[in-house]
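Student: I would like to go through this model with you, beginning with the charged pairs. Could you take my questions as they come?

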Amino acid sequence: MTTVRRAVLTLPAAPLGPDNPLPALRAPAGAGAHAVDARTLAELPRDMARGIGRAPLRSLLPAPVRDGYGRERTPADLDAIVIENDRLRVTVLPGLGGRVHSLHHKPTGRELLYRNPVLQPAAFALNGAWFSGGIEWNIGATGHTTLSCSPLHAATVRAPDGGPMLRLWEWERLRDLPFQVDLWLPEDSDFLYVGVRIRNPHERAAPAYWWSNTAVPEERRVLAPADAAWHHGYERVLNRLPVPVTEDGTDRSYPLNGVHAADFFYDLPEEQRRWIAALDADGHGLVQTSTDLLRGRKLFLWGTGRGGRRWQEWLTEPGTPGYAEIQAGLARTQLEHLELPGEAEFSWLEAYGPLAADPARALGDDWAAARADVEHRLEAALPRTAVDAAYTAWREGAADAEPETVLAAGSGWGALEVLRAGHALPGTPFPESTLGPEQEPWRELLRTGVLPPPPKGAAPGAPLVAAPWRDMLETAPADPSTEYHLGIAQWHAGDRAQAVRSWERGLHRAEVRWPLLYCLAVADREDGHPARAAERFAEAFADHEAHDAGEPVAAALGREGVAALLATGRPGPARELWARLPDAVRDRGAFRFLEIRILLAEGRPAEARAVFDAGFEVADLREGAEILGEVWAELTDEPLPDAYEFRMRPS
């Protein structure tokens, strides 16, 4: 019989560290890597272009940036939940976005996923910390979810067949939407069933995004039922290409045939069964299928170029096998968002399991025959009608079932929203008992109409930006903390001029000035006043020193301030600010790289080169970042050393 139990998974792990204490007023730093230019947009199908243009993020608010991690790993015990029957053993990490870490097929002894042997955060999530491997659940906006390294609520529930089922749920804050992921193993099943639901409890429509990303060993052939794919290669272009053999004669169904990192979004025919598979040289591997609402399928590959190989090493242990990703999403591409009407939902069922195909056919040159063989074997192992029936049984008989045994707790933000609006969300309770210190001031605002000030000498707490909270802030008694939060909510709504006025009013009476000065500095920079922005960043850093605000604040403000001063041609003040940072902060890779930029601005290239030669690692280097190579090129015509080569596109 199927069982669900707690467990502990021990891995070498780099601690997540503290969140960035500054409000995330700007769009994700790596957003450009997933963009397309205006010319490409004009040539796309109208519905695709409309989806790409729907509700782009202007900021990451209210989510925090997560950049407090490093690169030093020590053994750590991670809370895990194991779902097991006679055929499969599934290991889930509820404290890390509900990631499926392992999918082990017992009869063959095969691991069906790429299972990362370490936990190494890297700056790939929309808000920073993310790690590779397993199956991840991405909701919110284009990119890896802000919940990649966050805890989800988890509990056992009755599955449609009466056995135990694991439910994961949370409140996604970028789009203000609750969601759930239900995982169960029918008795004697070779397939993990996953029921997913995104709900919009509001009267207004909301942009919706979902991609389930599955890491698999890259020495595979990836098959999907399509003859064409939309190719995106980090050059702001989206091209429709034939598959598997593209116009240059390369068979793109093998990830290791690509040189540079790339996305291939398969263009599945409308009536085609949705599936994607990754098979080894013997025809064995993983297949994923779903009900029809989850229409998109994608292959992501790192490529064999120096940048792709360096990223593979960066995300795991050097010398370990690499990985590719097979993915499934609501839209044809990850650049698009759908519209979820008010008081409606999107729900579907996915299934993951082993597949054994005829290698002579599935790996042969006849693409139609290869696809037909995989689809025939999938139909024999798990008929399309069985997937549809399982979805109906789950949606009508189990999706609303109340949790039985709580296994893990997520955040208190969902409880706060339910308390505010009285949302009825059967199956995904957000009880008041989950409210914590971050939510407490907002509960007080809701109860009394007054936002309590932070303790004396402390900075304001975590922000909220949704329209109902903004309305409450506008009528609350004005003090510096309330003006700070009101300005953040106005900034998020696009009313930047009013946000600046709110911050300026708050600054006039504030004891702790650095949070408001930071916000005003960002506004100055966004409005084309870099010199004034640099002055305000420097003033914010000085105020943080006066209040002994701590190392995370010093690092965040120092990094912003030094960069702003260098951007306005002021290496002297930049050097002075950098020297005031704590020694432990200056020793970090990101700040050693800042030192290189200071040295260059001071006309000391030999000393800048010496820092490169000594070696450093910028732990939170963003996906698609090319800054290391750009600065190296200012120093020398020599090839960029492999240790600093992270470019994901042709030079």
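Student: Is Glu 638 buried or partly exposed?
Tutor: In this predicted model, Glu 638 has a relative accessible area of 43%, so it is classed as partly exposed.

Student: Which side chain does Glu 638 meet in a salt bridge?
Tutor: Its partner is Arg 609, with an N to O distance of 3.0 Å. The two belong to distant parts of the chain: Arg 609 is in helix H18 (residues 605–614), Glu 638 is in the segment after helix H19 (627–635), and they are 29 residues apart.

Student: And what is the accessibility of Arg 609?
Tutor: Arg 609 has 22% relative accessibility and therefore counts as partly exposed.

Student: Which residues are joined into a network by salt bridges that share partners?
Tutor: Arg 5, Glu 84, Arg 89 and Lys 106 form one such network.

Student: How many salt bridges does the count come to?
Tutor: The count is 58 salt bridges. One of them is between the side chains of Arg 158 and Glu 404, at 3.2 Å from N to O.

Student: How exposed are Arg 158 and Glu 404?
Tutor: Arg 158 is partly exposed at 37% relative accessible area, and Glu 404 is partly exposed at 46%.

Student: What separates Arg 443 and Glu 440 within helix H8?
Tutor: They are separated by about one helical turn, because they lie three residues apart in helix H8 (residues 440–448). Arg 443 is partly exposed at 26% relative accessibility, and Glu 440 is partly exposed at 34%.

Student: Changing topic, how many disulfides are there?
Tutor: The count comes to zero disulfides. As for individual cysteines, Cys 149 is buried at 4% relative accessibility, and Cys 519 is buried at 0%.

Student: What is Phe 616 in contact with, leaving aside its neighbours within four places in sequence?
Tutor: Phe 616 is in contact with Gly 589, Arg 592, Phe 593, Ile 596, Val 611, Leu 628 and Tyr 644.

Student: Why is strand E22 said to be largely enclosed by the rest of the structure?
Tutor: Strand E22 (residues 323–329) is largely enclosed because seven of its seven residues are buried. Tyr 323, Glu 325, Gln 327 and Gly 329 point one way, while Ala 324, Ile 326 and Ala 328 point the other way, and all are buried.

Student: Which strand do seven bridges join to E22?
Tutor: That is strand E14 (residues 210–217), which runs antiparallel to E22. Val 216 stands opposite Ala 324 of E22. Strand E21 (residues 296–301) also pairs with E22 in the antiparallel sense, over five bridges. There, Phe 300 has Glu 325 in E22 as its bridge partner.

Notes: Residues numbered from 1 in each chain as written. Predicted model: local features only at pLDDT ≥ 70, side-chain atom pairs only at ≥ 80, totals over all residues. Heavy atoms only, no water. Contact = heavy atoms within 4.5 Å. Salt bridge = Lys/Arg side-chain N within 4 Å of Asp/Glu carboxyl O. Buried < 20%, exposed > 50% of the residue type's maximum accessible area, 1.4 Å probe, protein only. Helix = DSSP H or I, 4+ residues; strand = E, 2+ residues; numbered from the N terminus. Disulfide = S-S within 2.5 Å. Pairing = 2+ DSSP bridges.
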